[in-house]
Amino acid sequence: MPEETDNTRNEEGREASESGGRKRFSVRKAILAASIAAMGIAGAIAIILAILYQTGAIDSYVENQFVRALDEMGIGFRADRFAVQASPLTMRVENAVFTNKKNGKRLGGIRNAKFGMTVLDLFALSTERNLNIDSAEITGLDLRIDIDENGNTNFDGVEILPPKNRVKLRYEATRVSVRDSVVHFGDISRKISGNAEDVALALTPADRPEGGAELSYRFDLATSKAEFTYGDEKVEPIGVRGRGILTETGLKIDAFTVSSPIGDTTLAGNVKDWKSLEYDLQVVSEIDLTQASRVFPIGTAIVGTGGFRGRVTGSGEKYKVEGEITSETLAASNVRLKALQVNASAEGDGSLYNASGKAIAEMLTFGDFRLDYTQITGNIRGSGTDFKWFGALQTAAFDSPLGTVGSLYINDGVAEYRDNKLLMNLGGVRAKKFTSADAYLESIQTPSIRIVSSNGITNATVANARADKIVAEGSTLSGVVVDGLEIKDRPADTDIAARSVKADRLTTDDARLGNVAAQDVTVNRRSGRMNLRSKKISAETADTGSAKLGRIDANDVAVNVEGGVTRVETPVVRIARVETDSAVLANLNIAGVRLSVRKGVIEGSTADF
């Protein structure tokens, strides 16, 4: 029994071993067969691909898929040569033209391009394939951006959409190199155009914002052969260098520098919308305003240079500016500035502007007016050199056809300059002094002045004015109050009229008068001759040194000064009291008075005493 049992077990073991060996051999055989089959299939595929490649079938297939992908975006495509290389997978294009299928307008062209590609899902069990464009090397790009009179562009209707055909072109990771290229920009509605030659551009994929769907590329752009045209005026040569991030709808600018005969400008910021040109930029600029005004006419020529540092935002021709403007010299029409510094914010639309802030200038001239070391605050709006200003003004000296004002302060002023006509309404006016050919004034105050100046004629109206001192024609008045003052100045003569003039004291070489008053005073200065008229002149006291007079009244007084001779005429003079060392006279009435003063000698006559 034991021996039979052992033999039986040995036989069963041999049978099991032989069976396992047969199974392992069958698996190896199956694997080998599958491998041979796979190699056979791969070889067959390779043979088929080689045949297709040699016959150009692959080229036609990829081209058709490429054309279909562009067609889905609304872009038409044709090329003189389209070829595909299998290893590495490369597509070459020569003399290609791209058009907008919606409006038929040309978008651009390529002289030569090489695209490196990768099939992302070569062995997937699917009829669809994702073909990624890894790189693009483009030579001789000719890109056009055209905007018609209605604001429509040649890119209207073009959309970058996910592809729908079986071979899906993807370009999220595309790296682009563009050399020896040309870019044309033309905007009929704004009368601007530009061309750039020898353009070099590098694009590399950038990280998208979280949740962002737009394609995003980091760009590096350079050209030294660009030109810009506004209307009929052209600016060239222009050098451009820019770095930033480009998206389908706008761009983020790290630094963008433009050098031209007009000046040098560096920008940083964002352009949010290509169509409306919505922008938000930090700007540092030095501009030759002489050249700029030639290119961008605003109705008058500007001469000088200017610098700007600040922020510029806007959309199209509408803009807002916040920052600092400086200019060593600046002139526009008959407005001139020297050493200008402005800290302000401004907004406008084309040549129309509205600004508020603070301006300091070493010198400002407009027409026949000049201001030295001036500080202006407030608001100004206008178009070109025509403006309207509201605010306060402080200046060391103010020259006008009427004379020169020293240390002028205006707390509440309005000035409008339009068509070479200046209109000013000035409130809270204070001045340390005023000097003219005929008079000198000190410590002047007035609540309001109205000035109108045009074609060399200046009219000024003062409701009420005070002066600590007035010196004129050898006489000095102290504590002067003038009501209803009107001044008209012309190149050859000046007319002055006042409703009333009062002075605490009047001093001449021969006499001192107290509490002097004059009513309805007119003064005319013409060609070295001065005529003064007053309805009534009075004084409470008069002291000639040898005599003291009390209460003097003279009616219809006429004074003429010419050639060093002063003549005085009045029909009636009344003197309440005359006191000398030898006599006292009271209630004097003198009629038909005629006096002449020549070199300190007084001669006179009366009709009745």
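Visitor: Why does Phe387 count as buried?
Guide: Phe387 has a relative accessibility of 17%, and buried means under 20% relative accessible area, with exposed over 50% and partly exposed in between (1.4 Å probe, protein chains only), so Phe387 counts as buried. The structure is a predicted model, in which local features need pLDDT of at least 70, side-chain atom pairs count only at pLDDT 80 or more, and totals for chains, interfaces and linings use all residues. Residues are numbered from 1 along each chain as its sequence is written, and side-chain values use heavy atoms, with hydrogens and water left out.

Visitor: What is the mean pLDDT of the chain, and where is pLDDT below 50?
Guide: The mean pLDDT, which is the predictor's confidence in each residue from 0 to 100, is 79 for the chain, and 79% of the residues reach 70 or more. Over residues 31-58 the pLDDT is below 50, and this stretch has 8 contacts (heavy atoms within 4.5 Å) beyond near neighbours in sequence. Residues 120-127 also stay under 50, with 9 contacts in the model beyond four places in sequence.

Visitor: What makes Phe77 and Phe98 a tilted pair?
Guide: The whole structure holds 4 aromatic pairs, and in the one formed by Phe77 and Phe98 the ring centres are 5.3 Å apart, with 45 degrees between the planes. Rings of Phe, Tyr and Trp (its six-membered ring) pair if their centres lie within 6.5 Å, and planes under 30 degrees apart count as stacked, over 60 as edge-to-face and the rest as tilted, so this pair is tilted. Phe77 belongs to strand 1 (residues 75-85) and Phe98 to strand 2 (residues 90-100), 21 residues apart, where strands (E, at least two residues) are DSSP runs numbered from the N terminus. Both Phe77 and Phe98 are buried.

Visitor: What makes the contact of Arg241 with Asp220 a salt bridge?
Guide: The closest N and O atoms of Arg241 and Asp220 are 3.0 Å apart, which is within the limit of the definition. This pair links Arg241 in strand 9 with Asp220 in strand 8, 21 residues apart. A search of the whole structure finds 21 salt bridges.

Visitor: Why does Glu236 count as partly exposed?
Guide: Its relative accessibility is 45%, a value that falls between the limits for buried and exposed, so Glu236 counts as partly exposed. Glu236 is found in strand 9 (residues 233-247), and, leaving aside its neighbours within four places in sequence, Glu236 is in contact with Ala226, Glu227 and Pro261.

Technical notes: Helices (H or I, at least four residues) and strands (E, at least two) are DSSP runs, numbered from the N terminus. A salt bridge is a side-chain nitrogen of Lys or Arg within 4 Å of a carboxyl oxygen of Asp or Glu.
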